Amino acid sequence: MSTAAHPGDLLSALLDGELTAREEEDVRAHLETCADCQRELRLVTEGRASLRDLPPVDPPFGFYERLVRPRHRWARAGVAALAAGAAASVGIMALAAPREATVAPHVAQLVDAHTASASTSGDPISEITPAAAPVSWNR
């Protein structure tokens, strides 16, 4: 931080102890030369002290119970919106899912044709498998 720039939110971070050593050094150096920032730091410090000195306030009767108990109308609407969103997501995924590509002719027909026409001496696949191996495909 340059000494010409005002630290702004860094003053609050200084009071909270959230600055690195270098940032704290820069902010304190700026405070030594800037009357406006000294005034702002004093006001922030006084405001925080005033706020901390306020007495605790008791919540109104039934406040916690109303927080825990869901409002029926809103709860139903939330569940309905969640269910509708889930249904829409499933529908979109079903429509966007990739389809299995169709092959014409079917692969099983190609295998049958290859098996019938391949010779055991000229086909490398037939050489590594027995010549009379049964092939079955689920159609």
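**First stop: a leucine and its neighbours**

Select Leu-31 and display what surrounds it: leaving aside residues up to four places away in sequence, Leu-31 touches Leu-11, Leu-14, Cys-37, Gln-38 and Leu-41, where a contact means heavy atoms within 4.5 Å. This is a predicted model, in which local features need pLDDT of at least 70 and side-chain atom pairs count only at pLDDT 80 or more, while totals for chains, interfaces and linings use all residues. Residues are numbered from 1 along each chain as its sequence is written, and side-chain values use heavy atoms, with hydrogens and water left out.

Is Leu-31 buried or exposed? Leu-31 has a relative accessible area of 10% and is therefore buried, given that buried means under 20% relative accessible area, exposed over 50%, and partly exposed in between, with a 1.4 Å probe and protein chains only.

**Second stop: two helices**

Leu-31 is found in helix α2, so named because helices (H or I, at least four residues) and strands (E, at least two) are DSSP runs numbered from the N terminus. Select α2 (residues 21–33) together with α3 (residues 35–53), which pack at an angle of about 110 degrees with their axes 6 Å apart. That makes α2 roughly perpendicular to α3, the term for angles of 65 to 115 degrees, whereas those under 35 count as roughly parallel, those over 145 as roughly antiparallel and the rest as oblique. The axes are lines fitted to C-alpha atoms, for helices over the stretch in contact, and the angles run from 0 to 180 degrees between N-to-C directions.

To see the contact itself, show His-30, Leu-31, Glu-32 and Thr-33 in α2, which meet Ala-35, Cys-37, Gln-38 and Leu-41 in α3.

Staying in helix α2, select Arg-28, which is partly exposed, with a relative accessible area of 44%. Arg-28 and Pro-7 are 21 residues apart in sequence, and their C-alpha atoms are 9.7 Å apart in space.

Next select Phe-63 and Tyr-64, whose ring centres are 5.6 Å apart and whose planes stand at 70 degrees, so the pair is edge-to-face. Rings of Phe, Tyr and Trp (its six-membered ring) pair if their centres lie within 6.5 Å, with planes under 30 degrees apart counted as stacked, over 60 as edge-to-face and the rest as tilted. Phe-63 is partly exposed at 33% relative accessibility, whereas Tyr-64 is exposed, with a relative accessible area of 55%.

**Last stop: the whole chain**

Finally, zoom out and colour by secondary structure, which comes to 7 helices and 0 strands. Buried residues make up 12% of the 139 residues in the protein.
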